[in-house]
Amino acid sequence: MNYNKKSIEDIDVSGKRVLCRCDFNVPTKNGKITSDKRIVAAMPTIEYLVNHGAKVILCSHMGKPKGEWKPELSLKVVAERISELLGKEVIMAADVAGADSQAKAAALKDGDVMMLENTRFMKGETKNDPELSKALASLADIFVNDAFGTAHRAHSSTAGVADYLPAVSGFLVNKEVSIMGKALANPERPFVAILGGAKVSDKLNVINNLLEKVDTLIIGGGMAYTFLAAKGYSIGSSLLDSEKIDYCKEMMAKAEAKGVKLLLPIDTVVADSFPDPIDGDIAVETVAADAIPDGKMGLDIGEKTRALFADAAKSAKTVVWNGPMGVFENPTLAKGTIAVAQALADSEAVTIVGGGDSAAACEQLGFADKITHISTGGGASLEFLEGLELPGIACLQDK
Ligand code: AMP
């Protein structure tokens, strides 16, 4: 995939109708937005377009209306919040690309901003229906994709519309593509990837692809136990993807053949069972990774492993991290995940954290501003690491 894509700064937007796909999938409660983080993150792109005299037409999905018209998932609340942040009216359309949107888009003046309704109110959106893509395209002269979280989806508003309009990235997508793209295509070395999370089967292609690129691959979290089992260790009642033992053996052989260092836990924090409730009190002990007693369950990396992984991260020039090192929802079992987050925060390397749990851990610990890039898309960043072509990025014009 070509990561060198045009952004809004590479084209002339003044006087043009610009359809800008954002990620306004914000949490709401009783009709009120409970976190406006995603809206705030989109503001630099919106402000740039306004300040450069574009006629701005915003669109996004919110929640899962599944093609039904659900008033509680209207983007009106988002339009109101943007209006407060911008200090100017955001005109709300009553439909997605229907008669009301067409009329309002046609009446826009330079610097005006309007918002379409929730794109997933339309059944055609997630089917990438060409009719909907064409209708969306007919509103505008240029398409801007600034929603990385949905870039791995080929939907009408994320990719389909680009069949009919010149397409470029907004600032958020541009940052994701340039930083993660560079890390994968031309990383400063040593390049270390740290993978965690529950299951090996969720990250098969990520492991395979990263082994082609990294100098060191670190595996922690629930997925590490299947690797330990593949080494012939007994893993007690720890999480096991029994169908993936051969795959793990294959990956260990591939690492060796390629001269990639593969680091697995050398010690592990075990308990009698999975914590219930997940954040409840739990009695734990630390054992060597090759000596997990029968009936014990590995739930976090041990202290020696934390030091081993942290050293590898600190001596790297590029680090990518995706997935927690243990059951971090429980404070007793969060130490491994915190240690990795701390190591990335302390590292001089280019540090990239994949979306979801690891991103949340960095933010909760207050490390966000010490990380080079925290990806906004969980699924999208994983597909990126798999080396897949993301439809919402592939559709953008090359530089
Ligand atoms: P993922 O969605 O694949 O990133 O996995 C995240 C989940 O993996 C979190 O909810 C963790 O609690 C869970 N997890 C991490 N380590 C373990 C482990 N050793 N055993 C069971 N679950 C784990």
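Trainee: Axes here are lines fitted to C-alpha atoms, for helices over the stretch in contact, and angles run from 0 to 180 degrees between N-to-C directions. At what angle do α9 and α10 pack?

Mentor: Helix α9 (residues 303-314) packs against helix α10 (residues 335-346) at about 20°, and their axes are 9 Å apart. That makes α9 roughly parallel to α10. Angles under 35 degrees count as roughly parallel, over 145 as roughly antiparallel, 65 to 115 as roughly perpendicular, and the rest as oblique. The names come from DSSP runs numbered from the N terminus: helices are H or I with at least four residues, strands are E with at least two.

Trainee: Before we go on, what kind of model is this?

Mentor: This is a predicted model, where local features need pLDDT of at least 70 and side-chain atom pairs count only at pLDDT 80 or more, while totals for chains, interfaces and linings use all residues. Residues are numbered from 1 along each chain as its sequence is written, and side-chain values use heavy atoms, with hydrogens and water left out.

Trainee: Back to the helices, then. Which residues of α9 and α10 meet?

Mentor: From α9 you have Arg 306, Ala 310, Ala 313 and Lys 314, and from α10 they meet Lys 335, Gly 336, Ala 339, Ala 343, Leu 344 and Asp 346. Contact means heavy atoms within 4.5 Å. Sorted by class, the contact has five nonpolar, one polar and four charged residues. For that sorting, Ala, Val, Leu, Ile, Met, Phe, Trp, Tyr, Cys and Pro are nonpolar, Asp, Glu, Lys and Arg are charged, and the others, Gly among them, are polar.

Trainee: Which strands does α9 lie across?

Mentor: Helix α9 lies across β12 and β14, running at about 40° to β14. Those strands belong to an open sheet of three, in the order β13-β12-β14, with antiparallel pairing. Pairing requires that DSSP finds at least two bridges between the strands.

Trainee: Which strands stand at the edges, and what is left on one side of each?

Mentor: β13 (285-288) and β14 (297-301) are at the edges, each with a single partner strand, so one side of each has no neighbour in the sheet. From one strand to the next, the twist averages 45°. Strand β12 (residues 267-271) pairs with β13 over four bridges in the antiparallel sense, and Thr 268 has Val 287 in β13 as its bridge partner.

Trainee: Switching to β7: which way do its side chains point, and are they buried or exposed?

Mentor: In strand β7 (residues 142-145), Ile 142 and Val 144 point one way while Phe 143 and Asn 145 point the other, and all are buried. Buried means under 20% relative accessible area, exposed over 50%, and partly exposed in between, using a 1.4 Å probe and protein chains only.

Trainee: Which strand pairs with β7 over four bridges?

Mentor: That is β1 (residues 17-21), in the parallel sense; Arg 21 stands opposite Asn 145. Strand β8 (residues 167-169) also runs parallel to β7, joined by three bridges, with Ser 169 in β8 as the bridge partner of Asn 145.

Trainee: Now the backbone. Which peptide bonds are cis?

Mentor: Two to look at. Arg 189 to Pro 190 is cis, with omega near 5°, and Pro 190 lies in the loop between α5 (171-185) and β9 (191-195). Asp 276 to Pro 277 is cis too, with omega near 0°; Pro 277 is in the loop between β12 and β13. Most residues other than glycine have a negative phi, and most peptide bonds are trans.

Trainee: What is the phi of Asn 30?

Mentor: Asn 30 has a positive phi of about 45°, although it is not a glycine. You'll find Asn 30 in the loop between β2 (28-29) and β3 (32-33), exposed at a relative accessible area of 76%. Lys 66 has a positive phi as well, near 50°. That residue is in the loop between β4 (55-59) and α2 (76-86), and Lys 66 is exposed with a relative accessible area of 68%.

Trainee: Last one: is Leu 264 buried or exposed, and what does Leu 264 touch?

Mentor: Leu 264 counts as buried, at 9% relative accessibility, and sits in the loop between β11 (261-263) and β12. Not counting residues up to four places away in sequence, Leu 264 touches Ile 219, Phe 227, Leu 228, Lys 231, Met 252, Leu 308 and Phe 309. Ile 219 is 45 residues from Leu 264 in sequence, yet 5.4 Å apart in space, C-alpha to C-alpha.
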